[in-house]
Amino acid sequence: MSPAELLAKVAQFDALIVRSGTKVTREVLEAGRGRLRVVGRAGVGIDNVDLQAATEAGCLVVNAPTANTVAAAEHGIALLASMARNVSQADAALKAVYSRTLTVFTAQGKWQRTKYVGVSLVGKTLAVMGFGKVGSEVARRAKGLGMHVIAHDPYAPADRARAIGAELVSFDEAIGRADFISLHMPLTPATSKVFNDESFAKMKNGVRIINVARGGVIDEDALVRALDSGKVAQAALDVFTEEPPAKDSKLVLHENVTVTPHLGASTVEAQEGVAIEIAEAVVGALRGELAATAVNAPMVPAEVMSELAPYVSLAEKLGKLAVQLVAGESGGIKGVKVVYTTARGPDDLDTRLLRAMVTKGIVEPVSSTFVNLVNADYTAKQRGLRITEERVSHESPVAEAPLESIQVRLSHVQSKFAGAISDGGDIVLEGRVKYGVPHLTVVGPYEVDVSLEGNLILCRQIDQPGMIGKVGNILGQTNVNISFMSVGRTFRGKQAIMAIGVDEEPDKETLEHIGHIPAIEEFVFLEL
Ligand SMILES: NC(=O)c1ccc[n+]([C@@H]2O[C@H](COP(=O)([O-])OP(=O)(O)OC[C@H]3O[C@@H](n4cnc5c(N)ncnc54)[C@H](O)[C@@H]3O)[C@@H](O)[C@H]2O)c1
Ligand SMILES: O=C(O)[C@H](O)COP(=O)(O)O
């Protein structure tokens, strides 16, 4: 259907099932108000669905997160092998010869055996960037082709990679050692255009790139420059920043680029699989059943939510902040500990929801998985997250408050911000609810107090006068509004941290200016 047809017809249906090509916009969801109750995405990515608009319209979004994984991995391998042997280029050349005999055609085609000499895969190094469902399946298959496989994924458990015979390494090491680089990370603010002029410069001359993830992870203009210079010998692309790409796209038309129109999931078997997966999810949702693959479902019934609502938000935000602190060195998050300080006994406080929200906060910003109360524990296990819980009894000064505080600890993991590391070597964040609003109250060994209502800047500095003013001025000069600011220190005149809530996201230059303040030893910007 055309967008106009969809708009005209959507109000006649209770459910809509789409792939990535159909844009389920706010306009479509408004047009369906009153009838449309479920949007089913027969695949993984839901970047084509306006989630906020769906939630506002009371429309549940469900997806099919696993049925096309193998198909995508096989397509990645198909692109890897066909690129290495110039199959598409040689095919086009040869067909030009035969089509000349069938129709009036200029004699462009040739039987060229020298021009299309390729390269072998055996013994070569493949870097898998993003070691999740698809990436790990690509790694498994590449091992079967005799390739040496390394991977970069800050959040994947090292033992899962070792089990497949892949070595988890840092981003720079992965792109620096690779003969072939295959992209399998989700498109997030952290991965957007992460393959750019700077990263291409760190790669081997003649490296070859495959992308069956999302077009947005590559700066496409930079890739054209790298192809023209020979830094990148070839690229094989199934996904593009704009789909379909412009007809005059230099990238698509480049002679050293092999392209397919987002076919990663397009096998008979995968489409049957996602169809069954999404049909079952949609029917279940229409029957009012909790869907394991619900993307925007409310976590619990409203009556339970009312008392715990601010703590549910706090738990998710602590998880989201913690995962952003994980350094880019691979090795994954091994242990997650959630500590509840509460006056309530085990029978009076069901922490399953809070645990699910911490899982949601940790997993969603770095993967294509959507976490809900039904799939949270399974998702954590699937991603190798060992989540333990501890209760600390506390006589709460506010009798009806269900919790005094929630603490999230990530163990055996490197941090982008040393100030968040506790004496025990864990990343530690703790929060409370104040006046109904989630607050961050502990970072590592430091006590702070900042409302978690916007993005956050953490700075660690030598404790001395004038620091608040210096940072405040830099942010003020670029119209970044400060919603909260708090300073925590262990000892006077020693180390301190500033926790600054900001309404807007400071640009890269502004953050660099903050980092250039002599007394500031490190800083990090965290999105909420
Ligand atoms: N071309 C297609 O038709 C097709 C088919 C299926 C999936 N996909 C896309 O492929 C991507 C991966 O899908 P999946 O099902 O494997 O998702 P997944 O969530 O299972 O795996 C993604 C992995 O990327 C890792 N990651 C996150 N940020 C990273 C970073 N900065 N650097 C390195 N790794 C990082 C995560 O830890 C996770 O392990 C998604 O974008 C998905 O939409 C495309
Ligand atoms: O996110 C996905 O599942 C893939 O990109 C497949 O999308 P498709 O259903 O449009 O093939």
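Buried here means under 20% relative accessible area, and I applied that cut-off to what is a predicted model.

**Helix α14**

I began with helix α14, residues 352-363, and listed its buried members: Leu 353, Leu 354, Arg 355, Ala 356, Met 357, Val 358, Thr 359, Lys 360, Gly 361, Ile 362 and Val 363. The helix is thus mostly covered, with 11 of its 12 residues buried. I then checked its length: at 1.5 Å a residue the 12 residues should span 16 Å, and because the end C-alpha atoms are 16 Å apart, the expectation and the model agree.

**Ligand 1**

I next looked up the surroundings of ligand 1 and found 27 residues around it, the closest being Val 134, Asp 153, Val 212, Val 366 and Ser 368. By class, this shell divides into 12 nonpolar, 10 polar and 5 charged residues. Ligand 1 taken alone exposes 860 Å², of which the protein buries 95%.

**Ligand 2**

On its own ligand 2 has 310 Å² of accessible area, and the protein covers 90% of it.

I placed Ala 93 in helix α5, residues 87-102. Its relative accessible area is 11%, so Ala 93 counts as buried. Lys 110 is 17 residues away from Ala 93 in sequence, yet their C-alpha atoms are 5.9 Å apart in space.

Asp 179 sits in the loop between α8 (171-177) and β7 (180-183). Its relative accessible area is 18%, and Asp 179 is therefore buried as well. A polar atom of the Asp 179 side chain lies 2.7 Å from the backbone nitrogen of Thr 125.

**Backbone geometry**

Most residues other than glycine have a negative phi, and most peptide bonds are trans, so I looked for departures from both.

I found a cis peptide bond between Glu 243 and Pro 244, with omega about -5°; Pro 244 is in the loop between β9 (232-237) and α11 (250-253).

Tyr 435 has a positive phi, near 50°, and lies in the loop between β14 (427-434) and β15 (437-443). At a relative accessible area of 84%, Tyr 435 is exposed.

Asn 479 likewise has a positive phi, near 55°, in the loop between α16 (467-477) and β18 (482-489). With a relative accessible area of 64%, Asn 479 is exposed.

**Record annotation**

Finally I consulted UniProt, where an unreviewed entry lists residues 456-528 as "domain: ACT". Over residues 456-528 I noted that the chain is 26% helix and 41% strand, with its end C-alpha atoms 7 Å apart.

Notes. Residues numbered from 1 in each chain as written. Chains lettered and ligands numbered in written order. Predicted model: local features only at pLDDT ≥ 70, side-chain atom pairs only at ≥ 80, totals over all residues. Heavy atoms only, no water. Helix = DSSP H or I, 4+ residues; strand = E, 2+ residues; numbered from the N terminus. Expected span 1.5 Å × (residues − 1). Buried < 20%, exposed > 50% of the residue type's maximum accessible area, 1.4 Å probe, protein only. Areas by Shrake-Rupley, 256 points an atom, 1.4 Å probe, with all protein chains shown as cover. UniProt positions renumbered as here; feature names shortened; annotations may be inferred. Near = heavy atom within 4 Å. Nonpolar A, V, L, I, M, F, W, Y, C, P; charged D, E, K, R; others polar. Polar contact = N/O pair within 3.5 Å; in protein donor to acceptor, adjacent residues only side chain to side chain.
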